[in-house]
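These are my notebook entries on a structure that I had not looked at before.

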Amino acid sequence: MFAEVAFPISSFQSFTYRIPRNLTNSIQIGSRVIAILGKRSVQGVIISLNTQSNYKGDMKSISSLVDDNPVLTAELWELILWMSNYYVAPIGQVMKTVMPNRLSMQYSPPKNWYAKPTNVLNEIDIEVLMKRGPKQYEILKEIRKTTGICRIASLKSPSSNLLSICRILEGKGFIKLYKQTSLPDVTGFSFDPIHKEIIFNQDQVKAINKISLALNKKKYVPFLIHGVTSSGKTEIYIESVRQVIAQGRTAIILLPEISLTPQIAGRFKAVFGDTVALWHSKLSQSARAWIWKRICAGYFKVVIGARSAIFTPLKDLGLIVVDEEQENSYKQDSRDPRYHARDVSLMRGKIHNAVVVLGSATPSLESYYNHIQGKFKYIHLPKRYGGAKYPSVHIVDLIKESEETKIYGSLFSKILLDKIADRIEKKEQVILLHNRRGFAPVLRCMDCGEVEMCPNCNVTLTYHRKESYLRCHFCNHIEKQIPSSCKECQSVNVQLAGAGTQKVEYQLNQQFPNTSIERLDLDTAKSGVNITNVLQKFFDRKIDILLGTQMIAKGLDFANATLVGIINGDTGLYIPDFRAGERVFQLIYQSAGRSGRGHIPGEVIVQTYNPQNPVIQCATQLNLRKYYDICLNERKALDYPPFSWMIRLEISGKNKNAVERATEILKKKLGNPPKGIGFLGPAFCYREKLYNQYRMQIVIKSQKRKDPNGYKLHQYCKNIINNRDSLKLKGNVRLIVDVNPVSLL
Ligand code: ADP
Ligand code: ZN
Ligand code: ZN
């Protein structure tokens, strides 16, 4: 027997191996195997089995099988094949994303050594020990101090041979040693369970009925729930999950942002208890391996997690919920396959005959358009739950404000300061959004205008005050020495410009010295515990002002937060990307939605230098339809998604000339596109260099009118991509294929 094996490499080639006798019965398509590739042992996946082979060379045998029993379900294998085809990525790479090597049924939680003092401790013996074996004595003292049992590895003693010293102590009868399994900590990333009496309103009942009808049919049905902020979408998800579990099936809930996990997990755990597993980026490796193994074994009914949770091997999957479906974090942007978890959810739902619910207060333009086209069943929730009112929104024109006050560049307008003071006085809470972290985003020469750039990336370095360094937010390059003069003109007149969350926090503390203020951004959210603590404290009303980046803009539910302030509504407005406006709109609209969710009406202050801009106008009027109409018209005029399919081809590499040459060859290979297909570029990307790689791109669009399924575009690109060799990519020059890109930067 022969097997074709795909490896996680950038080539589409697969390799033929002989199957050793002892494995013939256990190997299947989709099995993970170890085989020699070149000179290394590499993990790959079987993509086909054959009784004959035409291969003439010296054929190697498969070395071993990774899993005793097949771990890949037929459904996941089908999903892998689809992803490989759709995202034009080699199967080996897709396999690695769906089922990373480190996840294995063979994982067992580590066993550790523990010690307990024996009951019969003779004080005289201990004194002798103190004199004769001071090291042993110190360790014994520590073990005796611990209540209960003591993990050897956690002893503070500096000795390197702790265990052997403990063995001596055991030999002398002072302690008893034993080995015990320590289960990885998988809890701790959730609020205390949030119990609530639930009475559904009419809109919710209608929504639930529609979903439950679909669930009962056990067919694939995609829904778009478009419900204004605080309309009770999460309660609808919970009820739908209850129903699917009652059918003996399981559910996956995708959340776009780690900061949403604790609260939503708290709400789910209150209902479903320990049948809920969390799957997110802050899990330790062992916790991840442990949870995965238990999912395979069927312990959990519900998995709540980030985009990769869509690959968890739940059996009998009946429901997938994609909350805040418009979020870009669902797209894997940093490596192949560049998949979008929303699209993968729809396909996985199709394969499992499951219901897929996409939910949002601000649907992506794509999903909104799909609903208009009748591709999704649409559920609209136009009102907030429980009669809660929409917040009232005020625009503050920062230019006018400066003219009146003669104070320039101030972070807070007078009205915002007054309103914050008022809320603090009333013991209500405030959420402030500022979508930029660090202290100051640029260090600029005031004489020649030169700004301090990252040596590896074509972006400015951000000053972080607490750590006192300049840092690149892409490659994390750090400059500890803050330059005191300009590199270009040697002027010493260099200044920090602009404001990040650290600066907002600093000035806020000066303005409101006796207030409890916490900041949540990528810098403070390093650990999962920290995120949970801050949010739980805000929920418990122990924090007055919560300041943060887009992490706190959506999904969170705090009844006592009655004021939301957006420090700079213009952030991101002028980025040269066709989705810039849509994103700013969604951010403002969602942030406003955090205000006034309980009984007390809420207010929102949006500070801006562009009060007339249509994005700012529509967002502050909370007029989604108007903005989406404007946006759809623009996209239609330019043949942008959702009116076209798009594939972005990026060429990147260390050598700028080589990148330019390769892009030129790529363009030639593409030749003249068929009718309905057009190019943007080739051109250097807006971020011309990242991680020391120069980047050029060609963006290919295909009108949906002429290419309804995107099949034409796919075929056209695939002919070239599958023939990578003909591009003669040399050295470290790479071709990246990005199907349905979310960003063209
Ligand atoms: P969304 O997810 O649409 O933003 P949520 O589900 O968070 O809205 O609902 C907003 C608030 O109203 C939450 O505190 C939620 O618990 C409450 N709520 C929603 N529906 C109900 C219901 N049927 N019974 C009781 N409380 C509800
Ligand atoms: Zn200068
Ligand atoms: Zn950098």
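**Entry 1: ligand 1**

I began with the shell around ligand 1, where I found that the largest share, three residues, comes from helix α7 (residues 233-246). Helices here are DSSP runs of H or I with at least four residues, strands are runs of E with at least two, and both are numbered from the N terminus.

Before going on I noted that this is a predicted model, in which local features need pLDDT of at least 70 and side-chain atom pairs count only at pLDDT 80 or more, while totals for chains, interfaces and linings use all residues. I also noted that residues are numbered from 1 along each chain as its sequence is written, that chains are lettered from A and ligands numbered from 1 in the order in which they are written, and that side-chain values use heavy atoms, with hydrogens and water left out.

I then looked up how many residues surround ligand 1, and found 17, the closest being Lys 196, Ile 199, Lys 233, Thr 234 and Asp 557; a residue is near a molecule if one of its heavy atoms lies within 4 Å of it. By class, I read five nonpolar, five polar and seven charged residues in this shell. The classes take Ala, Val, Leu, Ile, Met, Phe, Trp, Tyr, Cys and Pro as nonpolar, Asp, Glu, Lys and Arg as charged, and the others, Gly among them, as polar.

For polar contacts to the ligand I looked for pairs of N or O atoms within 3.5 Å. A nitrogen atom of ligand 1 lies 2.9 Å from a backbone N or O atom of Ile 199. An oxygen atom of ligand 1 lies 2.9 Å from a polar side-chain atom of Lys 233, and I also found an oxygen atom of the ligand at 2.9 Å from an N or O atom in the side chain of Glu 235. On its own ligand 1 has 550 Å² of accessible area, of which the protein covers 91%; such areas come from the Shrake-Rupley method with a 1.4 Å probe.

**Entry 2: the zinc ions**

Which residues coordinate the zinc ion (ligand 2)? I found Cys 445, Cys 448, Cys 486 and Cys 489, each through SG, at 2.3 to 2.4 Å. Donors are N, O and S atoms within 2.8 Å of the metal (3.2 Å for Na, K and Ca), and sites may look incomplete because water is not among the atoms. The arrangement around ligand 2 is tetrahedral because its four donor atoms subtend angles of 106 to 113°; for four donors, the term requires all angles to lie between 85 and 135 degrees. For reference I wrote down that the ideal angle for four tetrahedral donors is 109.5 degrees. Along the chain, the donors of ligand 2 follow the spacing C-x2-C-x37-C-x2-C.

I checked two of these residues for burial, which means under 20% relative accessible area, whereas exposed means over 50% and partly exposed lies in between (1.4 Å probe, protein chains only). Cys 445 is buried, with a relative accessible area of 2%, while Cys 448 at 38% counts as partly exposed.

Turning to the zinc ion (ligand 3), I found it coordinated by the SG atoms of Cys 454, Cys 457, Cys 472 and Cys 475, at 2.2 to 2.4 Å. The site of ligand 3 is tetrahedral, with angles of 101 to 114° among its four donor atoms, and its donor residues are spaced C-x2-C-x14-C-x2-C in sequence. Cys 454 counts as buried at 5% relative accessibility, and Cys 457 counts as buried at 3%.

**Entry 3: backbone**

As background I noted that most residues other than glycine have a negative phi, and most peptide bonds are trans. The peptide bond from Pro 641 to Pro 642 is cis, with omega near 10°, and Pro 642 lies in the loop between α18 (624-638) and β27 (644-653). Another cis peptide bond joins Gly 681 and Pro 682, with omega about 10°, and I placed Pro 682 in strand β28 (residues 677-690).

Val 88, in the loop between α1 (74-86) and α2 (91-98), has a positive phi near 50° and counts as buried at 5% relative accessibility. Asn 692, in the loop between β28 and β29 (693-703), has a positive phi near 70° and counts as partly exposed at 31%.

Technical notes:
Four donors count as tetrahedral if all angles lie between 85 and 135 degrees; four count as square planar and six as octahedral if opposite donors are over 155 degrees apart and all others between 65 and 115; anything else is irregular. A polar contact is a pair of N or O atoms within 3.5 Å; within protein, one must be able to donate a hydrogen and the other to accept it, and residues adjacent in sequence count only if both atoms are side-chain atoms.
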